[in-house]
Amino acid sequence: MTAKPDPLIHPITRLSICGLLAAGADWVEFAALRDAAGISDSVLSKQSRVLEDAGYVEVRKGAVGRRPRTWFRLTAAGRQAVQGHLAWLAQLEEAVSTGTRDAQQATPLPGDRDQPRRVLPPLLGSS
Amino acid sequence: MREVAGDPAALEQLRAQRSRLADRMRPPWWYPAGIAIVWVLTFAAPFSSRYLPQGVRTWPILLAVLVVACLLHWGLARATGIVVNAGSLRYPSGRPAGIAIIVVGAAAIGTEFFLIRRGLPEAAIVVAALGVVAEVACQQAQLRGIRQDLRGGGGAA
């Protein structure tokens, strides 16, 4: 698995939907996904359609009595994309926490004019 | 709400969302009771094959086990909104309990057959009762493990 950002999963609501579906459940029902993600019905409908059109999410519709039920799950392509995107985010998190640690360790001395140059490169990801 | 997940705080938010999803995976009161019925029927099979008339076979009991197990799976999915394959050993944290379910089940049935052949049906009933209690406890532990994996994202196939 390669850690790379996926522009389709990049928006936070789609990341939430895909990240929840990638947690390990086989299928997740509409209401469960909506409540866990903390989004509205319309947002979930709209974003899940985008993900379905991209082939990342599979949708199964059914009914229990008169109540319609919609179930979601990730496709193989979706799972691969989510894992790559989450790995990329984890690398980013690691880089930022390392940069923060370095910044905390680099206690500024009075009159230390080089301090910003020592602290900023790790935060910015440049060498 | 932020529009883009470009910052690592998005991962922190996802962890909180996964935790909410995992919290939904709590079985209703009837689920352990249903599991107990499944194992009572399963552990009744050695008795039925020995004590029931020749015409009555074990397969109706096993069919009932299958039907109740399917109903429980369907009911749990409907109640929680989450479908997990609790029968598989896919979830790392639930795996030890899953293996324990298989081992305890096989051991209890084997011991029951042995005791019934030796003419000790009372001892076999005690073994069956202990087996049911152990299986329900293992099933609960397996669900706890699955919840933990859902929380950490460790149950991804």
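At what angle do the axes of α1(A) and α3(A) cross? This is a predicted model, in which local features need pLDDT of at least 70 and side-chain atom pairs count only at pLDDT 80 or more, while totals for chains, interfaces and linings use all residues. Residues are numbered from 1 along each chain as its sequence is written, and chains are lettered from A, with ligands numbered from 1, in the order in which they are written.

Select α1 (12–21) and α3 (41–53) of chain A; helices (H or I, at least four residues) and strands (E, at least two) are DSSP runs, numbered from the N terminus. Their axes cross at roughly 75° and come within 10 Å, where axes are lines fitted to C-alpha atoms, for helices over the stretch in contact, and angles run from 0 to 180 degrees between N-to-C directions. The two helices α1(A) and α3(A) are therefore roughly perpendicular, a word used for 65 to 115 degrees. Next, colour A:T13, A:R14, A:I17 and A:C18 in α1(A), which meet A:V43, A:Q47, A:S48, A:V50 and A:L51 in α3(A); contact requires C-beta atoms, placed from the backbone, within 7 Å.

Now select strand β2 (residues 57–64) of chain A, which 8 bridges join to β3(A) in an antiparallel arrangement; two strands pair if DSSP finds at least two bridges between them. At A:V57 you can look across to A:L74 in β3(A), and between the two strands of this hairpin are 2 residues, with A:G65 in the turn having a positive phi of about 65°.

Centre the view on A:L21, which touches A:V28, A:V57, A:F72, A:R73 and A:L74, not counting residues up to four places away in sequence. A:L21 is among the residues with the most contacts inside the largest nonpolar core, which has 39 residues. Such a core is a set of buried Ala, Val, Leu, Ile, Met, Phe, Trp, Tyr and Cys residues joined through C-beta atoms within 7 Å, and buried means that 20 or more other C-beta atoms lie within 10 Å of a residue's own.

Finally, move to chain B and select α4 (residues 95–117) and α5 (residues 121–152), whose axes are 9 Å apart at an angle of about 175°. Helices α4(B) and α5(B) are therefore roughly antiparallel, a term for angles over 145 degrees.

Notes:
Parallel < 35°, antiparallel > 145°, perpendicular 65-115°, else oblique. Buried ≥ 20, exposed ≤ 12 C-beta atoms within 10 Å, placed from the backbone. Contact = placed C-beta atoms within 7 Å.
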